[in-house]
Amino acid sequence: MSYKLFIPGPIEVSEKTYKAMSAHIVGHRSKDFTNLVDDVMPRLKQLFYTEGDVYLSTSSSWGIMEGAIRNVCNKAVLNCCNGSFSDKWYDVSKRCGKEAAELKFDWGKPVDPEALDKELSTGKYDAVTIIHNETSTGTMSDISALMSVIRKYPEVISIVDTVSSFSALPIKKDELGIDVMVTGCQKALAIPPGLSFLAVSQRALERAESVSGRGYYFDFLEFKKNMEKSMTPSTPVISLIYALQSKLDDIFSEGLENRYARHLENNRIVRQWAYGHGFKLFPEEKYGSVSLNCFQNNLNVDLPGLLAELKQKCHMVFDGGYGKLKGKTFRISNMGDETPDTMRELLDNIDGILPNYLGK
């Protein structure tokens, strides 16, 4: 049985995108492949707001997030932790054998620029990781304010995860001064999982030249050498690059500003629905994500029961909370191809069964 995904990722994939994936596979060292890369790359750079290098990686985003640590950290990395995935980045840094430290904030709180400034001023670090939109809590940190701090420390290479915010709102890599900007295909881009992207600054490439133990698969210098020929270091997931080509057609046909406005409207509709029922947003409202909403389960809804009936009767799914917040929060995605009409359809379906699962 198929059902529609309103979870924070992977998200619903259109029939048009699936059809694009059925294109005949070509050799990844052929002119047909380089033509494909040359077609997608200018528009992909537009979405990154960069004139620098963008690389394609056949991996989940965690592959290139780990790879970035291995490429740019010589001395020590500061991991800004305010949720499950940013906490995990600290663990990944240690597993890479790097000197690592946590800058910790409560789940649902944004990364604080003043705290970041204070820690970087110690001079201990040459790399820092930030998750722009912490998916586990629906919390979006002020990346502009954070990058203003990081730019004060020219020896610190910034690595920013935009996995669940990329293309849902503008994140202007070059203007912000982000060194390594990472994202994946399975969230707002609405492509099946397995393809990730990273935009890399010249500073980060120069740092990589001085770092040993970069490995091969995620080596920035290998990415650069191959992308100069419109290729990838290893055999890529060609079908997903066809899907990317189709999705870029959709995005630029709609227009970036229209796309951003649609995501905001989708998000507003869900938020107002929840407020109307008495639910509370988990983060402070001004730090709430625009690609999903994470609400407190302050009405003691039987989330497993509600989710099971919604899936069975309406063939739709949202998320019942992540990690230590499971059951205490719920998350509804509004990203990708969703529209105000599709969001209202989901909410109407929830309304039809919600009274049966409210806490007594």
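## Spaces inside the model

On a 1 Å grid over the protein atoms alone, a cavity is a set of points where a 1.4 Å probe fits but cannot get out, while a pocket is an open set with protein on both sides within 12 Å along at least five of seven lines; a lining residue has an atom within 4 Å of a point. Points are joined across faces, edges and corners, and a volume is the space filled by probe spheres set on them. By that rule, the second largest cavity holds about 50 Å³ of space. Its lining is made of W273, F279, V301, L303, L306, F318, F330, I350 and L354. By class, these are nine nonpolar residues, with no polar and no charged ones (Ala, Val, Leu, Ile, Met, Phe, Trp, Tyr, Cys and Pro count as nonpolar, Asp, Glu, Lys and Arg as charged, and the others, Gly among them, as polar).

Before going on, please note that this is a predicted model, in which local features need pLDDT of at least 70, side-chain atom pairs count only at pLDDT 80 or more, and totals for chains, interfaces and linings use all residues. Residues are numbered from 1 along each chain as its sequence is written, and side-chain values use heavy atoms, with hydrogens and water left out.

The structure holds two cavities of 30 Å³ or more. The largest has a volume of about 80 Å³, and its lining includes L56, Y217, F223 and the residues T232, P233, S234, T235 and P236. That lining divides into five nonpolar, five polar and no charged residues.

Of its 19 lining residues, W62, F85, V163, Q186 and K187 are the closest to its centre. Helix α3 supplies the largest share of the lining, three residues (helices are DSSP runs of H or I with at least four residues, strands are runs of E with at least two, and both are numbered from the N terminus). By class, the pocket lining has 10 nonpolar, five polar and four charged residues.

## Helix α4

Helix α4 covers residues 84-95, and its 12 residues should span 16 Å at 1.5 Å a residue; the end C-alpha atoms are 17 Å apart, which agrees (the expected span is 1.5 Å times one less than the number of residues). Its buried residues are S84, F85, S86, D87, W89, Y90, V92 and S93 (buried means under 20% relative accessible area, exposed over 50%, partly exposed in between, with a 1.4 Å probe and protein chains only).

These buried residues pack against several elements, among them α3 (61-72), β3 (77-81) and β4 (100-104) (contact means heavy atoms within 4.5 Å). After α4 comes G97, with a positive phi near 80 degrees.

## Cysteines and a buried lysine

There are zero disulfides in the structure (a disulfide is a pair of cysteine sulfur atoms within 2.5 Å). For C81, the nearest cysteine sulfur is that of C80, 7.3 Å away, and C81 is buried at 0% relative accessible area.

K173 sits in helix α7 (residues 173-176) and is buried, with a relative accessible area of 3%. Leaving aside residues up to four places away in sequence, K173 touches F48, Y49, T50, I178, D179, M181, A199, V200 and S201.

## Backbone points to check by eye

Most residues other than glycine have a negative phi, and most peptide bonds are trans. G9 and P10 are joined by a cis peptide bond, with omega about -5 degrees. S230 has a positive phi near 60 degrees and counts as buried at 11% relative accessibility. H315 also has a positive phi, near 55 degrees, and is partly exposed at 33%.
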